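Let's walk through this structure together, one site at a time. Keep the viewer open as you read.

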Amino acid sequence: MSALIEFKGFNKFFGEQQVLNEIDLSVKSGEVIVILGPSGCGKSTLLRCLNGLEVAHSGSLKFNGRELLDKGTDWREVRQQIGMVFQSYHLFPHMNVLDNLLLGPVKVQKRDRREAREQAEALLARVGLSDKRDAFPRQLSGGQQQRIAIVRSLCMNPKVMLFDEVTAALDPEMVKEVLEVIQGLAREGMTLLIVTHEMAFARAVADRIVFMDAGRILEQNPPELFFTNPQTARAQQFLEKFSYVEALPKKTQTKELELL
Ligand SMILES: Nc1ncnc2c1ncn2[C@@H]1O[C@H](COP(=O)(O)OP(=O)(O)OP(=O)(O)O)[C@@H](O)[C@H]1O
Ligand SMILES: [Mg+2]
């Protein structure tokens with residue numbers, strides 16, 4: 001099967017600094033990719049390039065066989081097919097949940113409001129938030145707001161979802177409920193690119209781990225192999241930090257993580 005997403009010899013600079021260096025990454029429809037690597041290695045930038053939020057320097061990036069780095073690319077249209085959810089959820093505070101969810105489908109995609117509403121309500125039910133339909137964002141917990149942000153993106157019927165550390169700002173009790181939503185999408189066969197620091201989750205959900213360092217992809221392997229037998233010293237070092245954290249009593253984990 002041909003790739004849904006294909007980076008080839010992809011380069012990105014910020015000024016003099018090369019932040020993505022000869023990236024080759026091919027993702028098939030239905031694959032779940034987890035991108036790992038130390039802070040500043042280029043994970044967010046990679047996802048942002050795929051969504052047109054950053055401009056590439058050179059190379060090729062194909063989506064569904066179409067070259068996205070061509071001048072004529074309509075990124076607004078591409079973004080409807082490649083949904084992205086970040087650490088902060090950016091729901092509109094003056095709109096209730098349902099209106100937040102319908103904004104994209106009705107205003108941008110010009111879909112029938114009733115049909116879009118049915119879909120939104122079905123998705124709300126799936127993430128266990130039907131009773132929050134009329135609530136305003138300020139009345140929701142962080143975990144609930146993040147689940148709404150995911151539903152908002154799903155309401156556009158994207159082919160791919162990008163998740164950039166969506167649980168990083170959440171209290172530990174709320175992390176699980178959000179990760180379960182993502183795991184559900186993976187089970188249903190959605191194509192996902194996920195950046196996370198939740199190693200147990202990464203291991204459970206990924207078809208493939210992509211390990212990056214200093215703008216390069218150093219490893220791309222199934223999780224069983226990556227976590228038990230990393231092929232590079234850099235990945236070994238990276239994982240050692242996490243095994244130290246995971247060995248700590250639960251309560252201290254978050255604090256300790258901040259010190260790393
Ligand atoms: N808008 C920008 N202008 C200049 N440099 C930037 C910009 N955004 C990111 N960078 C730099 O690009 C490099 C990659 O950043 P990126 O945010 O992609 O890293 P990351 O792997 O997501 O890190 P983290 O795990 O901390 O989120 C870093 O050195 C960063 O300082
Ligand atoms: Mg980042």
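The lining of the second largest pocket divides by class into 12 nonpolar, 8 polar and 4 charged residues. In this classification Ala, Val, Leu, Ile, Met, Phe, Trp, Tyr, Cys and Pro are nonpolar, Asp, Glu, Lys and Arg are charged, and the others, Gly among them, are polar. The pocket holds about 710 Å³ of space. Of its 24 lining residues, Arg-79, Met-84, Arg-152, Ser-153 and Met-156 are the closest to the centre. Two or more lining residues come from each of α2 (75-81), β6 (82-85), α3 (97-108) and α5 (142-154), and α3 gives the largest share, 6 residues.

A pocket is an open set of points, on a 1 Å grid over the protein atoms alone, where a 1.4 Å probe fits and protein lies on both sides within 12 Å along at least five of seven lines; lining residues have an atom within 4 Å of a point. The points are joined across faces, edges and corners, and the volume is the space filled by probe spheres set on them. Helices (H or I, at least four residues) and strands (E, at least two) are DSSP runs numbered from the N terminus.

This is a predicted model, in which local features need pLDDT of at least 70 and side-chain atom pairs count only at pLDDT 80 or more, while totals for chains, interfaces and linings use all residues. Residues are numbered from 1 along each chain as its sequence is written, chains are lettered from A and ligands numbered from 1 in the order in which they are written, and side-chain values use heavy atoms, with hydrogens and water left out.

Now turn to ligand 1.

Which polar side-chain atom lies 2.7 Å from an oxygen atom of ligand 1? That atom belongs to Lys-43. A polar backbone atom of Gly-40 is 2.8 Å from a ligand 1 oxygen. Such polar contacts are pairs of N or O atoms within 3.5 Å.

Finally, look at Asp-74, in the loop between β5 (66-67) and α2. Asp-74 counts as partly exposed because its relative accessibility is 43%, between the limits for buried (under 20%) and exposed (over 50%), with a 1.4 Å probe and protein chains only.

Terms used
Polar contact = N/O pair within 3.5 Å; in protein donor to acceptor, adjacent residues only side chain to side chain.
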